[in-house]
Amino acid sequence: MKKTKLAGEILGDVVGSVYEFDNIKTKEFPLFGKYCMFTDDTVLTLAVAKSLCETDAHKDIEDFKKRLVYNMHLLGHEYPDAGFGGRFMNWLETGNKEPYNSCGNGSAMRVSPVGWYAESLEEAEALATASAEVTHNHPEGIKGAVSVAGAIYLARTGVGKKEIYEYCKKFYNLDFTLDEIRPTYYFVETCQESVPQALVAFFESESFEDAIRNAISIGGDSDTIAAITGSIAEAFYGIDEDLEEAALSYLDERLLNIVDLFADKIRDTQNR
């Protein structure tokens, strides 16, 4: 099996899908429940991945942005029941191609391919900004995407957790623990109120699976928080083949083809 570089995000989304509107406050739960499914987190992540495969984003960020708008509309209409947020759904249904100043966590949930594709931290930040601002051009929406993409880039290039923490502190106050927030944390979809929690779920983790359990255990927007945490955790810890296979088993052929295309793109780019 090819290493997808996206299985962490997909697994977090799939596992968290059954807890998004039925929050739990414990780390003890089955990873793959009867009603698990992929959601908009995975669909839009693969729209970003597809756009990186179809353009030379290293050289032409504007072309990447245009292609991303096209692919989000394409896949959005292909998977209308994936659970898109209200403003994004309106953007799709009206055929809008302009950003709508969102600070929602959608910009952070879909950015993981950028962290794998970028050839420097500066490029990861620039591409993350571009991937966010086509819809989420609010400063908080951009900040959410940049912090996650930067963390993924640093993690996959062998930077230690302490250094990644210091990097992420430039964006958010991370001076809290999951135990402190778990009793009162609630469902919220903004970057500023969910990305820090996803980051701390990674920083407190001891393994990939532990990171996923941390993320879901606090409640809130469970699939998105787990998708963000999972994307960073995969870059840092890797992911066991059995978990990767389980996550990918929820995708249909069209989405799996994008996963494979992106795996080939990253392999070719990083082996140049």
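Okay, so let's start with a term: a salt bridge here is a side-chain nitrogen of Lys or Arg within 4 Å of a carboxyl oxygen of Asp or Glu. With that in hand, take Lys50, Glu54 and Arg67, which are linked in a network of salt bridges. Oh, and before I go on, this is a predicted model.

How many salt bridges does the structure hold? The count is 11. Let me walk you through a few.

Glu62 and Lys65 pair up through their side chains, 3.7 Å from N to O. Both sit in helix 3, 3 residues apart, so that's about one turn of the helix. Buried or exposed, what about Lys65? Lys65 is buried, at 15% relative accessible area, while Glu62 is partly exposed at 46%.

Next one: Arg182 and Asp179, with their side chains meeting at 2.6 Å, N to O. Arg182 is buried, with a relative accessible area of 13%, but Asp179 is exposed, at 58%.

And then Asp264 with Arg267, a salt bridge at 3.2 Å, N to O. These two are in helix 15, residues 253–270, and because they're 3 residues apart, about one helical turn separates them. Asp264 counts as partly exposed at 21%, and Arg267 is also partly exposed, at 42%.

While we're around helix 3, have a look at Leu74, which lies in that helix, residues 61–78. Leu74 is partly exposed, with 27% relative accessible area. Leaving out residues up to four places away in sequence, Leu74 touches Lys50 and Arg254. Leu74 and Leu92 are 18 residues apart in sequence, and their C-alpha atoms are 9.1 Å apart.

Now over to a loop. Where is Ser17? You'll find Ser17 between helix 1 (7–16) and helix 2 (40–54). Ser17 is buried, at 15% relative accessible area. The side chain of Ser17 reaches the backbone oxygen of Val14 at 2.6 Å. Setting aside neighbours within four places in sequence, Ser17 is in contact with Tyr35, Cys36, Met37, Thr39 and Asp223.

Last stop, a pair of helices. The axes of helix 11 (residues 195–203) and helix 13 (residues 222–237) come within 8 Å and cross at roughly 35°, and the crossing is right-handed. Which residues meet there? From helix 11 we have Val195, Ala198, Leu199, Ala201 and Phe202, and their partners in helix 13 include Ile225, Thr229 and Phe236. By type, the contact divides into 11 nonpolar residues, 1 polar and no charged.

How values were computed:
Residues are numbered from 1 along each chain as its sequence is written. This is a predicted model: local features need pLDDT of at least 70, side-chain atom pairs count only at pLDDT 80 or more; totals for chains, interfaces and linings use all residues. Side-chain values use heavy atoms; hydrogens and water are left out. Axes are lines fitted to C-alpha atoms, for helices over the stretch in contact, and angles run from 0 to 180 degrees between N-to-C directions. Helices (H or I, at least four residues) and strands (E, at least two) are DSSP runs, numbered from the N terminus. A crossing is left-handed if the near helix is turned anticlockwise from the far one by less than a right angle, and right-handed if clockwise. Contact means heavy atoms within 4.5 Å. Ala, Val, Leu, Ile, Met, Phe, Trp, Tyr, Cys and Pro count as nonpolar, Asp, Glu, Lys and Arg as charged, and the others, Gly among them, as polar. Buried means under 20% relative accessible area, exposed over 50%, partly exposed in between (1.4 Å probe, protein chains only). A polar contact is a pair of N or O atoms within 3.5 Å; within protein, one must be able to donate a hydrogen and the other to accept it, and residues adjacent in sequence count only if both atoms are side-chain atoms.
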